[in-house]
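This report goes through one protein model, part by part. Please look at the sequence and the structure before reading on.

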Amino acid sequence: MKLTLKIWRQSGPTAEGAIHTYQLDDVSPDMSFLEMLDVLNEQLNDQGEEPVAFDSDCREGICGMCGLMINGEAHGPEVTTTCQLHMRSFTDGETITIEPWRSDAFPVVKDLVVDRGAFDRIIQAGGYVSVNTGSAPEAHSVPVPKDDADRAFNVATCIGCGACVAACPNGSASLFMGAKVTHLGLLPQGQPERDERVVNMVAQHDHEGFGGCTNIGACTAACPKEIPLDVISQLNKDLRTAIKHGH
Ligand code: SF4
Ligand code: FES
């Protein structure tokens, strides 16, 4: 495949960025999107130019490190992570525009790399979960209904990639927060600090500059783990309950 790449280049957090155009002449449809960028970077190295900075780690859709706006869509045209997207999703001769996540709360570090520390601080604000130390309790003494266990497991698959924020016109992290709050709120271990957790996480979310949710649904459409929109209803319900309890 031959491709034209239009890529956001920015040398540092305060530098002015711009779109630069590159040509690739020999891209296999079986390459992943990140492998295609590796090929570009080898080409740039050979030409004595600075390679394009981008994030990745597992390259298996597990860690949440990768994440690019590809032709204006978070993680590109498929419901998957950028590392699991393959070049067969594009056509020979196509022009592909690649930008970093779009969100004030995720400032650009360099080129396509953004700082998602705001997510870590939201998790940190959520605090700890009380557990008794000592020997493991007998499993059947803490029954969890099957439906709750399944839903907790499903929403726990959120990898913190940030696509929900990048896709949201409000830059809201409600889907991410809703996934975390719902996961712990469904399990017995999550009950003692439940009220405090949701209040502190939402306060940190707002402090970081994420926007409010207006039920657009772009977040869930872009989410590689298909976290459902109703976790945001659960988040709001938990927040109302906590406020009713005097938090
Ligand atoms: S909710 Fe989905 S899109 Fe948002 S951080 Fe989690 S996995 Fe990524
Ligand atoms: S690099 Fe780990 S999810 Fe993409």
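Which element gives the largest share of the shell around ligand 1? The largest share, three residues, comes from α5. Helices and strands here are DSSP runs, helices being H or I with at least four residues and strands E with at least two, numbered from the N terminus.

## About the model

This is a predicted model, in which local features need pLDDT of at least 70, side-chain atom pairs count only at pLDDT 80 or more, and totals for chains, interfaces and linings use all residues. Residues are numbered from 1 along each chain as its sequence is written, while chains are lettered from A and ligands numbered from 1 in the order in which they are written.

## The shell around ligand 1

Ligand 1 is surrounded by 14 residues, and the closest are Cys158, Cys161, Ala163, Cys164 and Cys223. A residue is near a molecule if its C-beta atom, placed from the backbone, lies within 6 Å of it. At least two residues of the shell come from each of α4 (163-167) and α5 (174-185).

Sorted by class, the shell has eleven nonpolar, two polar and one charged residues. In this sorting Ala, Val, Leu, Ile, Met, Phe, Trp, Tyr, Cys and Pro are nonpolar, Asp, Glu, Lys and Arg are charged, and the others, Gly among them, are polar.

## The chain as a whole

The protein chain has eight helices and seven strands. Its C-alpha trace spans about 60 × 35 × 35 Å along the principal axes. Of its 247 residues, 36% count as buried. A residue is buried if 20 or more other C-beta atoms lie within 10 Å of its own, exposed if 12 or fewer, and partly exposed in between, with C-beta atoms placed from the backbone.

Among contacts in the chain with a separation of 6 or more, 71% are between residues 24 or more positions apart. Two residues are in contact if their C-beta atoms, placed from the backbone, lie within 7 Å.

## Two domains

An automatic or database domain assignment sets the domain bounds. The chain is divided into domain 1 (3-110) and domain 2 (116-130 + 141-244). The C-alpha centres of domain 1 and domain 2 lie 28 Å apart. Their contact takes 18 residues from domain 1 and 17 residues from domain 2. The side of domain 1 that touches domain 2 has eight nonpolar, seven polar and three charged residues.

## The nonpolar core

A nonpolar core is a set of buried Ala, Val, Leu, Ile, Met, Phe, Trp, Tyr and Cys residues joined through C-beta atoms within 7 Å. The largest such core has 56 residues, and those that touch the most other members are Ala163, Cys164, Val165, Ala167, Leu175, Phe176 and Met177. The element that gives the most to this core is α5, with six residues. Domain 1 and domain 2 each supply at least three residues to the core.

Leaving aside residues up to four places away in sequence, alanine 167 touches Ala74, Ala218, Cys219, Ala221 and Ala222.

## The five-stranded sheet

Five strands form an open sheet in the order β2-β1-β5-β3-β4, with mixed pairing. The edge strands, β2 and β4, each pair on one side only. Two strands pair if DSSP finds at least two bridges between them.

Strands β1 (residues 3-9) and β2 (residues 18-24) are antiparallel and share seven bridges. Strand β1 also runs parallel to β5 (residues 95-99), to which four bridges join it. Lysine 6 has threonine 21 as its bridge partner in β2, and in β5 lysine 6 stands opposite threonine 97. The bridge partner of leucine 5 in β5 is isoleucine 96.

## Two asparagines with positive phi

Most residues other than glycine have a negative phi. Asparagine 71 has a positive phi of about 50°. It lies in the loop between β3 (69-70) and β4 (73-74). Asparagine 71 is partly exposed, because 14 other C-beta atoms lie within 10 Å.

Asparagine 215 also has a positive phi, near 60°. Its place is the loop between α6 (194-207) and α7 (218-222). Asparagine 215 counts as exposed because it has 8 C-beta neighbours inside 10 Å.

## A residue at the end of α1

Aspartate 46 lies in helix α1 (residues 33-46). With 8 other C-beta atoms within 10 Å, aspartate 46 is exposed. The C-alpha atoms of aspartate 46 and alanine 156 are separated by 43 Å, and the two residues are 110 residues apart along the chain.
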